[in-house]
Amino acid sequence: MKKVVSTLAVAGLVLALLMTASCAKKEAPKPQDVSVNMFQLKVEIKDALDGYAAAYSAAHPGVTVKVETLGGGGDYGGALKAKSQAGQMPDIFQIEGMGHYEVWKDYIADLSGEPWVKDTDLALKVDGKVVGFPVAIEGYGLAYNADILAKAGIDPASLTTRAAYEKAFKTLDAKKKELGISAPVSMAASVAGGMWWVAGQHNLACYWGGGLAFDDTSVIRKALQGEMDEPRFTQYAKYVQLLFKYADRNILLNGSYDDQVGAFAQGKTAFLHQGNWVDPNLKQLGVTFKIGYAPHAFLDTEEKGLYLFAPSWYVVNSKSPNAQAAKAFLAAMATTPEGHDYMVNKAGMIPAFKSVTLKPSGQLSQELMAANARGGNYGVFFGMLPDGAGQNVFAPVYDLFAQNPANLSQFIADMKKAIAGLPGMK
Amino acid sequence: MRKKTLVNMLFLAPCVFAFVMIIIIPFFLGLYYSMTDWNGVNPDVAFVGLRNFKSLFSAPDFIYSFLATLGYTLINIVLVNVVSFILSLIVTSKIRFRNFFRAGFFVPYLIGGIVLGYIWQFILNSILVDLGEALSLEFLQSSFLSRSNSVIWAMSAVNTWQYAGYIMLIYIAAIQSIPASLMEAATVDGAGYLTRVFKILIPMMANAFTISLFLTLTTSFKQFDMNFTLTNGGPATRFLDQPVKASQLLAMNIFNTATANRMAEAQAKAVVLFVSLVVVALIQVSINKKKEVEM
């Protein structure tokens, strides 16, 4: 009996081995069919992109575009590393700036010859070569609730210097009860709430690029060498101090994204430090009041521009045999009416291509599009920083300053030290 | 006989295969990567010797995380074991509904650390703060999680809430394995309740303490999930004149280093975590073993 059982077990094991071996051999693809695998991280456009890819595949026989999405709380970078280790590198993937470019450069193809290159200012360029397709334009200023400002007698068009902001914040703070607000500004800066990026990336971007020409990266280049422009930073630090001082304390020190956006949507604050990506949230929260963007004017001199950037870029896997088909897919997105319709109407994004004439529906997105047409905006360069600089280095500095906004000199000293450490992070 | 060896080996093979593939090989690969400059992607990996380890011990954020982890572990060992021992005494006494209490105390352990972190974040950040405002109690009005000197204690409290029920089960089993005659004899000889607990119960269940201390020590040392959702490392505090994250324990420090594509450095930190955990655990077990008594 024992013998029978053991022989059976052995036979079973051998059989299992054979089956796995034979499974691996199946599915040799037909040579003429090309399958483009795309791996992207914007969860909010998943359905729209899936739909567009399906329509594109249907219209182009022989090409199948498959989209896989991982983002939000998911670890996109980790998953991409796992794919590359497993030899399943996608044909199109997404990177978020120079830090990621440095990591993935062996897999990134040159896109300089693509038809959409001339149609955009926001392609990712490295040493004169175009390597990244801008996914969308995002941008921000200080969003304001026009109704509250009107009630308080503040003209949003006057908010172009730090002094003007200080006056406006003071007025709002004095009229808190009358206006029904808890604080003038809804700002988040906490490590605990996971909101370090509002301060350590987007707000700090004002110091890197504010008041300069759109592609002037001199300040951040100096920082990457470890040097801080002290007079400029002092003006910036005073602006941060102002925002922190007049922000709702609980949201500033502990709040999550929902807390921050929710407070503004409920009319509990007059200003919100967030970009146009909050449009769908505001819509969901039933916002009916008029919203606009005022510039982050931190300098002593006047500033009128908003901050515009491509938050991420699609790149094509240079080692893939399907690179041509992948490039064609991206080109179609940028140049065909179907592609434009997908980007604007389905995915609700602001395309980075000038030939697009469709208009987005969100109030803040419309403001940005108008600002983009007007010109005089500022670039956003935090993507040039080494990976982890925002989360691990700047985040605790801002968190500490938020706990005690009175200590301006300490904040400047901490940031000086943090910037001096940047060259060592490479 | 020979055939039996073959069968044994065949039965062992899947387990050995899995163990080698997912424990042994990654362990040595990890040791190797900790001495390179690998970023997780780049196929050209250069060997840099002990450079990663040297830079660790001059980085304030790592030293802070290391000390915070030690402190957190110490607090946990005391808190979890004292609470669970008291709970086990209560539910092995003649109290009514004791089976209900046993189940009730154990339930938090069944909730995952991620979910639990969010639940307690809500309690500490919203409910307690609102309560403080409603009752105008000043010390409740800012969240315990937003104060750098209380955040580790808040984490330990949550961890105790989760883990005490589990350790309690181990103590219950140990208490029930002590012969009732021993306790009765002591009672007849005139020993009071506390004397019985300290002179008989505790020495008799020393092996349970060995296990429980070991479990609390290792789980606190490797704490990640609850840390991640409850505090995310915040708030910031100042250490060696540098802003660092006040509740960033070692595992989270490693995670944050790794997600910044600094794989080799993260691996070096993981090796340090592993070695210190082995050392501390060995010391703890050898001390505890000496106190165990044989029946």
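How many salt bridges does the rule find across the interface of chain B and chain A? The rule finds two. A salt bridge is counted where a side-chain nitrogen of Lys or Arg lies within 4 Å of a carboxyl oxygen of Asp or Glu.

The structure is a predicted model, in which local features need pLDDT of at least 70, side-chain atom pairs count only at pLDDT 80 or more, and totals for chains, interfaces and linings use all residues. Residues are numbered from 1 along each chain as its sequence is written, chains are lettered from A and ligands numbered from 1 in the order in which they are written, and side-chain values use heavy atoms, with hydrogens and water left out.

Chain B contains twelve helices and two strands. Helices (H or I, at least four residues) and strands (E, at least two) are DSSP runs, numbered from the N terminus. Along the sequence the order is α-α-α-α-α-α-α-α-α-α-β-β-α-α. The C-alpha atoms of chain B fill a box of roughly 80 × 75 × 30 Å along the principal axes.

Of the 295 residues in chain B, 44% are buried. Buried means under 20% relative accessible area, exposed means over 50%, and partly exposed lies in between (1.4 Å probe, protein chains only). Chain B exposes about 15,900 Å², and carbon and sulfur atoms supply 71% of that area. Accessible areas come from the Shrake-Rupley method with a 1.4 Å probe; for residues, only the protein chains shown count as cover.

Contacts in chain B were also classed by sequence separation. Among those between residues at least 6 apart in sequence, 71% join residues at least 24 apart. Contact means heavy atoms within 4.5 Å.

Chain B carries 20 positive and 13 negative charges, and their mean positions are 12 Å apart. Lys and Arg count as positive, Asp and Glu as negative, while His and the chain ends are not counted. The place of a charge is NZ of Lys, CZ of Arg, CG of Asp or CD of Glu.

The interface between the chains comes next. In chain B, 39 residues are in contact with 31 residues of chain A. The two chains bury about 2,700 Å² between them, with 53% of it on carbon and sulfur atoms. B:Val41, B:Pro243 and B:Lys245 supply 20% of the area that chain B buries against chain A, more than any other three residues. Buried area is the accessible area (1.4 Å probe) that two parts lose on being put together, summed over both.

Over all chains, the count comes to 16 salt bridges. One of them pairs A:Glu44 with A:Lys42, at 3.4 Å from N to O. A:Glu44 is exposed at 60% relative accessibility, whereas A:Lys42 is buried at 8%. Another pairs A:Glu102 with A:Lys105, whose closest N and O atoms are 3.0 Å apart. A:Glu102 is partly exposed, with a relative accessible area of 34%. A:Lys105 is also partly exposed, at 41%.

A further salt bridge links A:Asp414 and B:Arg238, with the closest N and O atoms 2.6 Å apart. A:Asp414 lies in helix α18 (residues 408-420) of chain A and B:Arg238 in strand β1 (residues 236-239) of chain B, so this pair joins two chains. A:Asp414 is buried, with a relative accessible area of 6%. B:Arg238 is partly exposed at 31% relative accessibility. Salt bridges that share partners join A:Asp414, A:Lys417, B:Arg238 and B:Asp241 into one network.

Most residues other than glycine have a negative phi, and most peptide bonds are trans. B:Asp241, a member of the network, has a positive phi of about 60° although it is not a glycine. B:Asp241 sits in the loop between β1 and β2 (242-245) of chain B. B:Asp241 is partly exposed, with a relative accessible area of 47%.

B:Asn261 likewise has a positive phi of about 60° and is not a glycine. The loop between α11 (250-259) and α12 (263-291) of chain B holds B:Asn261. B:Asn261 is buried, at 12% relative accessible area.

A cis peptide bond joins B:Gly234 and B:Pro235, with omega about -5°. B:Pro235 is placed in the loop between α10 (225-230) and β1 of chain B.
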